[in-house]
Amino acid sequence: MCLDTISKVSLFGLAFFMSACGGTEPSDTSMVSMIEPPAVLREAGKAHFNSRLADIAGLDPVKTGTVLIGDSITEAWMWQRKTKTYPFLRPVANHGVGWDVTEGAVARLPLVEPSNPDQIFIKIGTNDISLGVPLEEMALHFELLLSELTKLEPQAKLYVQSVLPREADKLDRIAEVNSMQAKLARAYNAEYIDLTSTFAQADGTLREELTGDGLHLNAAGYAVWGEALSPYVK
């Protein structure tokens with residue numbers, strides 16, 4: 001499918017969801033059945049996508065609080081809520097979905113609609129890299145994510161966080177993705193938070209003491225991340 005066609009399909013689908021789901025209460029999960037997981041996801045990823053969407057649709061809307069949009073690394077903030085280094089002190093709606101890609105973050109934007117956050121933190125893209133999503137397609141979906149969020153939640157300040165370091169063979173691709181996201185963040189007046197120097201060791205990979213698998217963060221990793229975000233969190 002060419003990029004022009006993808007763009008038209010994405011825009012039409014998103015507009016349809018917004019029209020169909022506008023004004024829906026968070027306890028109404030009818031919109032969940034309308035949102036399909038990205039085709040690029042593996043079966044386990046699709047199953048988790050559907051499961052998490054049901055959870056997210058049932059969240060209470062956050063008023064003048066924070067929405068987190070991302071993948072499993074963002075989702076796992078839920079298990080850090082009682083730690084001293086958890087940076088979010090006001091109400092938080094965690095829209096992290098394990099295995100998810102940028103296209104999926106766009107598809108589930110209607111689930112942000114019931115909220116009225118004044119901060120939205122985005123960190124998405126590492127699974128696109130794992131699954132071989134072309135950079136041009138990632139850029140298309142990432143720009144759509146930012147443009148629609150500025151329309152959907154005009155009162156919210158957007159924060160784009162860089163894709164974290166990971167295995168050595170992924171570092172060149174991560175640099176390309178981060179460059180693309182930083183450029184688009186500037187275009188949409190979002191603040192770009194470059195976490196690379198905080199999380200990278202000398203060879204550019206994720207610091208060993210902050211991870212158990214070279215990709216996901218352990219408790220020490222979340223403590224470092226919380227400290228890095230503390231200047232931006234209200």
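Trainee: Which residues of α7 are called buried, and what makes them so?

Mentor: They are L171, R173, I174, V177, N178, M180, Q181, A182, L184 and A185. Buried means under 20% relative accessible area, with exposed over 50% and partly exposed in between (1.4 Å probe, protein chains only), so each of these residues lies under 20%. Please note that this is a predicted model, with residues numbered from 1 along each chain as its sequence is written. Local features need pLDDT of at least 70, side-chain atom pairs count only at pLDDT 80 or more, totals for chains, interfaces and linings use all residues, and side-chain values use heavy atoms, with hydrogens and water left out.

Trainee: Why is α7 called a helix, and what is its span?

Mentor: A helix is a DSSP run of H or I of at least four residues, a strand a run of E of at least two, both numbered from the N terminus. With 17 residues (171-187), α7 therefore qualifies. From first C-alpha to last, α7 reaches 24 Å, close to the 24 Å expected, where the expected span is 1.5 Å times one less than the number of residues.

Trainee: What do the buried residues of α7 pack against?

Mentor: They pack against α5, α6, β4, β5 and α8, contact meaning heavy atoms within 4.5 Å.

Trainee: What makes a nonpolar core, and which residues of the largest one touch the most other members?

Mentor: A nonpolar core is a set of buried Ala, Val, Leu, Ile, Met, Phe, Trp, Tyr and Cys residues joined through side-chain atoms within 4.5 Å. The largest has 32 residues, and I69, I120, I122, F142, L145 and L149 touch the most other members. Its largest share, eight residues, comes from α6. F142 touches M180, Q181 and L184, among others.

Trainee: How do you know which strands pair, and what is their order?

Mentor: Two strands pair if DSSP finds at least two bridges between them. Four bridges join β3 to β4, so this pair meets the rule. The open sheet has five strands in the order β2-β1-β3-β4-β5, with parallel pairing. β2 and β5 each have a single partner strand, so one side of each is left without a neighbour in the sheet.

Key: Lists of a residue's contacts leave out its neighbours within four places in sequence.
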